[in-house]
Structures are given as structure tokens and as C-alpha cells.
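Here are my notes on the model you sent over. Have it open beside you while you go through the points.

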Amino acid sequence: MNSFDQITEAVIRRGDLAHLALFVWASGASALLAMTLRDLFAANRRFDAFVRELSLFNRRHSGDPT
């Protein structure tokens, strides 16, 4: 029996189903937040790479030696 099953069994024995439901909801919300932040950070990195490439392209084609 894994730890999640043990926790669930202990909560059910005590009759705290509302606490179990709240824990499941909070865990799901936290997981969704973590996934959203991960995707947001990845999008930020892609946008940063795009801006750097655009800047490099503009420097190459503007005639500036810098």
C-alpha cells in the first residue's frame, strides 16, 4: 500500500471527507499552476530567443558595423 492510499484510508477512517476533498482540490489547483508557470516560462524563453534573432538580423542588414 503506497503512502497516498494510507493517507486516504486514515482520512476516511476519521470521517474527514471534506478535508480530503479540499486536499484533492488544492493539489489539483497547485498542479495546474505549476504547469501554467512552466509553460509561461517556456514561452518567455522562446520570445526572448526570437527577439535576439530579430536584433541580430537587423544589425546584419542595417549597415551598422556594431
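**Notes on the helices and their side chains**

1. Start with helix α1, residues 3-14: at 1.5 Å a residue, its twelve residues should span 16 Å, and the end C-alpha atoms are 17 Å apart, which agrees. The expected span is 1.5 Å times one less than the number of residues. Helices here are DSSP runs of H or I with at least four residues, numbered from the N terminus.

2. A quick word on the ground rules. This is a predicted model, where local features need pLDDT of at least 70 and side-chain atom pairs count only at pLDDT 80 or more, while totals for chains, interfaces and linings use all residues. Residues are numbered from 1 along each chain as its sequence is written, and side-chain values use heavy atoms, with hydrogens and water left out.

3. Now look at both ends of α1. Asn 2 caps the N-terminal end, with a side-chain oxygen 3.3 Å from the backbone nitrogen of Phe 4. After α1 comes Gly 15, which has a positive phi, near 85°.

4. How many aromatic pairs does a search of the whole structure find? It finds one. The partners are Phe 47 and Phe 50, tilted at 35° between the planes and 6.4 Å centre to centre. (Rings of Phe, Tyr and Trp, the last by its six-membered ring, pair if their centres lie within 6.5 Å; planes under 30 degrees apart are stacked, over 60 edge-to-face, the rest tilted.) Because they sit three residues apart in helix α2 (residues 17-62), these two Phe residues are separated by about one helical turn.

5. Are Phe 47 and Phe 50 buried or exposed? Both are exposed. (Buried is under 20% relative accessible area, exposed over 50%, partly exposed in between, with a 1.4 Å probe and protein chains only.) Phe 57, also in helix α2, counts as partly exposed because its relative accessibility is 45%.

6. Asp 39 is partly exposed at 45% relative accessible area, whereas Arg 38 is exposed at 54%.

7. The other bridge joins Asp 48 to Arg 52, with 3.0 Å between the closest N and O atoms. Both lie in helix α2, four residues apart, about one turn of the helix. Asp 48 is partly exposed, with a relative accessible area of 35%, and Arg 52 is exposed, at 56%.

Terms used. A polar contact is a pair of N or O atoms within 3.5 Å; within protein, one must be able to donate a hydrogen and the other to accept it, and residues adjacent in sequence count only if both atoms are side-chain atoms. A salt bridge is a side-chain nitrogen of Lys or Arg within 4 Å of a carboxyl oxygen of Asp or Glu.
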